[in-house]
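Let's take a friendly walk through a protein model, stopping at a few places along the way. Keep the picture in view and find each residue as we reach it.

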Amino acid sequence: MTDTELTLSDASFADLGVDDDLVRELATTGITTAFPIQEMTLPAALSGRDITGKAKTGSGKTLAFGIPMIEKVGKASPKKPQGLVLVPTRELAVQVTRSLEPLLAVRDLTAVAVYGGAPMNPQIQALATGASIAIATPGRLIDLMERKALDPSDISIVAIDEADQMADMGFMPQVRTIMAQLPDARQTFLFSATLDHQVQELIDRYMTDPEAFEVESPTETVETMEHRFLKVHHMDKAKVLAAIADHNDRVLAFTRTKAGADRLARDLRGLDVVCAPIHGDLPQRKREQSLKRFADGEIDVLVATNVAARGLHIDGVDVVVHYDPPDDPKTYLHRSGRTARAGEEG
């Protein structure tokens, strides 16, 4: 089943079968009508079907799998979550957790973000107190399972989010290891911007008669996004970026390397631009702090490697700058997708 629009539909969440308490909570945050991927998938997901959802980033996939999961899980026993969300990056684990926590709180349930680069003990403790949903990166999840800190035997519903990025980052062996340890009687969702052969292998191996949904677009990039090419001498690149930042509230600049991100951040500070880098060598606490400051409008430019190119939702990114051009068209699309999200311009 396909849909060609990336704008809000006329369908309310109540019309789609979502329970009243969750509908009311969504309304308190101004979410009253569904995006197409939500309108398409929620009835099937709520009925218990396995589903695949293909849609561009920023299309509302988190609620598309999060709402059915919250409706299905209940109070969890220690170390035995009932729902599992697999994500490729630490930042996405935190983001999905924060998105679902208000809805879980309505039912007095909790979730735990499980990822590496952060102390393990708080995650172990959250699982021991009975977190109903684990939102996890594959490596840390396997660590906790091997330590017997997480028992997967009660997991009845699973979502694999950003599955294509999981494949691009080489996580498929870990994903297969995890899926092989889950109960056979479960509901499985898979959401992805693209479906390549590795993702199709997951669908064939671990899903039961899934119903497929796709939000199509006539172009690879959204119509509300404007693209410009600037030919700039390499010695002037930072100055041009500073000028762009001076005329926009939030600018996300991508570099090819971690060292390049640090170097650009230093150059921008020398030009009186409030900025921060984010890349894989930084402590998780510092990465989260930089993301929060950027989302809160405290910094003008976030300088990122491709760790921020996929899956993250930051409202109001005005401009994406490919400071170092990407190596392939796919990376260009995903980097650019940090702006002009969910019908906004960028």
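Before we set off, here is one term: a residue is called buried when its relative accessible area is under 20%, exposed when that area is over 50%, and partly exposed in between, using a 1.4 Å probe and protein chains only. What you see is a predicted model, in which local features need pLDDT of at least 70 and side-chain atom pairs count only at pLDDT 80 or more, while totals for chains, interfaces and linings use all residues. Residues are numbered from 1 along each chain as its sequence is written, and side-chain values use heavy atoms, with hydrogens and water left out.

Let's begin with salt bridges. A salt bridge here is a side-chain nitrogen of Lys or Arg within 4 Å of a carboxyl oxygen of Asp or Glu. The structure has 16 of them. One joins Glu298 to Arg293, with the closest N and O atoms 3.6 Å apart. Glu298 is partly exposed because its relative accessible area is 47%, and Arg293 is partly exposed as well, at 29%. Elsewhere, salt bridges with shared partners connect Asp19, Asp21 and Arg107 into one network.

The side chains of Arg107 and Asp19 form a salt bridge at 2.8 Å, N to O. Arg107 sits in the loop between helix 4 (90-106) and strand 4 (111-114), and Asp19 in the loop between strand 1 (2-3) and helix 1 (20-28), so this pair ties together parts that are 88 residues apart in sequence. Helices (H or I, at least four residues) and strands (E, at least two) are DSSP runs, numbered from the N terminus. Arg107 is partly exposed, with 23% relative accessible area, and Asp19 is partly exposed at 30%.

Another salt bridge pairs Lys75 with Asp108, whose closest N and O atoms are 3.0 Å apart. This pair also links distant parts of the chain: Lys75 is in the loop between helix 3 (61-72) and strand 3 (83-86), and Asp108 is in the loop between helix 4 and strand 4, 33 residues apart. Are these two residues buried or exposed? Lys75 is exposed because its relative accessible area is 57%, and Asp108 counts as exposed at 55%.

Now for two buried residues. Thr137 lies in the loop between strand 5 (133-136) and helix 6 (138-146). Its relative accessibility is 9%, so Thr137 counts as buried. Contact means heavy atoms within 4.5 Å. Setting aside residues up to four places away in sequence, Thr137 touches Val87, Pro88, Thr89, Arg90, Val114, Tyr115 and Gly116.

The second, Ala261, belongs to helix 11. Ala261 counts as buried because its relative accessibility is 0%. Apart from neighbours within four places in sequence, Ala261 is in contact with Thr255, Pro277, His279, Val303 and Thr305. Take Thr305 from that list: Ala261 and Thr305 are 44 residues apart in sequence, and their C-alpha atoms are 6.7 Å apart in space.

Helix 11 also brings us to our last stop. Arg269 is in helix 11, and Arg269 is partly exposed because its relative accessibility is 43%. On the surface, Arg263, Arg266, Arg269, Arg285 and Lys286 gather in a patch of positive charge. Patch residues have over 30% relative accessible area and no salt bridge, with like charges joined within 9 Å and nonpolar side chains (Val, Leu, Ile, Met, Phe, Trp, Tyr) within 5 Å. Which helix gives the most to the positive patch? Helix 11 does, with three residues.

Note on methods:
Accessible areas come from the Shrake-Rupley method with a 1.4 Å probe; for residues, only the protein chains shown count as cover. Lys and Arg count as positive and Asp and Glu as negative; His and the chain ends are not counted. The place of a charge is taken as NZ of Lys, CZ of Arg, CG of Asp or CD of Glu.
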